[in-house]
Amino acid sequence: MTMVVGFAPDGRGRAVLHLAAMLARSGGEDLVVCAVIPAPWPPSPARVDAEYLSYLEGAAENALSRARARLPADIPARYEVKHARSAPAGLLELAEGVDASIVVVGSAADGGSGLVSVGSVSARLLHSSHVPVALAPRGFHARENTRVERVTAAFGGSDDDLVVAAAGVAARVGASLRIASFAVRARPPYTAGVGREADESMTDQWVSEIKASARAAAAEVEGLPAVPRDLECVVGQGEDWGEALEDVPWHDGDVLVVGSSSIGPVARVFLGSRSTKIVRHSPVPVVVVPRGRAAELAEAAEAATDRSSATR
């Protein structure tokens, strides 16, 4: 399988290379590192357009040379300058052409260090990609030979396909699986605590219900022929999304998997409000999976279970 890596034509983006190397090493996949520049247009009489395009091509080639020098030697990769009307369009065209399993991109340069920051390129991909999209937090650094050690599936109560798909990936790369839900409690009002008890009660009830749903999803995972190294269920709570995600521990080698919204297109990534907030507050790399792709991966895992049962 192949991963497409979006690398900025100006040479910025060490974080995306660190993430791509970690993912490729874990899954035994190769990379296509791509710098996208504008598609050529009819030349002007003064050749200004052609000269500018030549400049962009040279800059992109130089950027890919830097990427080649930065990428670890154990990761098989090729490098390509892609002409397209936009960076997202170029990456998606390339992903379709090489039958990529995932598109890997970095965070916006103006985002906070250590968190995923969605920029114009990643925002377009997160609303239109037909394959999973991996996002590196700004400043992300993976130590030499780092692999994916734990896959955390963001679980909202009805994401069974995503959990099973994440379990299949975790088992394949030798990682553990964590089913994580996140509860945001309302901030206490400045006046007397009128209504606070009702809010707390609703949140507690939701947490109780989500834990039961998570246990049911975990039981489904335990029935698969190939199971993750370890399996746990957690609920992070806080007064905002940042606190809720910080309420669960994160370590090197962690990857957070988030599913598409149930109201968006089945075949493409489409982030809803809840998923967007989780992505923007994640302190570890995030993989966003289209709902249709999650269903396909879950069906494949369940089919393997049926075949395993038939041969017993």
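This is a predicted model: local features need pLDDT of at least 70, side-chain atom pairs count only at pLDDT 80 or more; totals for chains, interfaces and linings use all residues.
Residues are numbered from 1 along each chain as its sequence is written, and side-chain values use heavy atoms, with hydrogens and water left out.

The chain contains 9 helices and 10 strands, assigned as DSSP runs (helices, H or I, at least four residues; strands, E, at least two) and numbered from the N terminus. Of its 312 residues, 47% are buried, where buried denotes under 20% relative accessible area, exposed over 50%, and partly exposed the range in between (1.4 Å probe, protein chains only). Contacts are defined by heavy atoms within 4.5 Å; of those between residues at least 6 apart in sequence, 76% connect residues at least 24 apart.

The whole structure holds 8 salt bridges, each a side-chain nitrogen of Lys or Arg within 4 Å of a carboxyl oxygen of Asp or Glu. One of them joins Arg25 to Asp74, with an N to O distance of 2.8 Å. Because Arg25 belongs to helix α1 and Asp74 to the loop between α2 (48-70) and β3 (77-84), this pair ties together parts 49 residues apart in sequence. Arg25 is buried, at 12% relative accessible area, while Asp74 is partly exposed, at 43%.

A further salt bridge links Glu93 and Lys82, whose closest N and O atoms are 3.7 Å apart. Glu93 lies in helix α3 and Lys82 in strand β3, so the pair ties together parts that are 11 residues apart in sequence. Lys82 is buried, with 19% relative accessibility, and Glu93 is partly exposed, with 37%.

Charges placed over rings were identified by NZ of Lys or CZ of Arg within 6 Å of the ring centre and within 35 degrees of the ring normal. Arg68 lies over the face of Tyr79, 4.3 Å from the ring centre, and the charged end of Arg178 lies over the ring of Trp250, at 4.6 Å from its centre.

Positive phi values occur in Asp99, near 55°, and in Asn145, at about 70°. Asp99 is located in the loop between α3 (87-97) and β4 (102-105) and is exposed, with a relative accessible area of 59%. Asn145 is located in the loop between β5 (133-135) and β6 (150-154).
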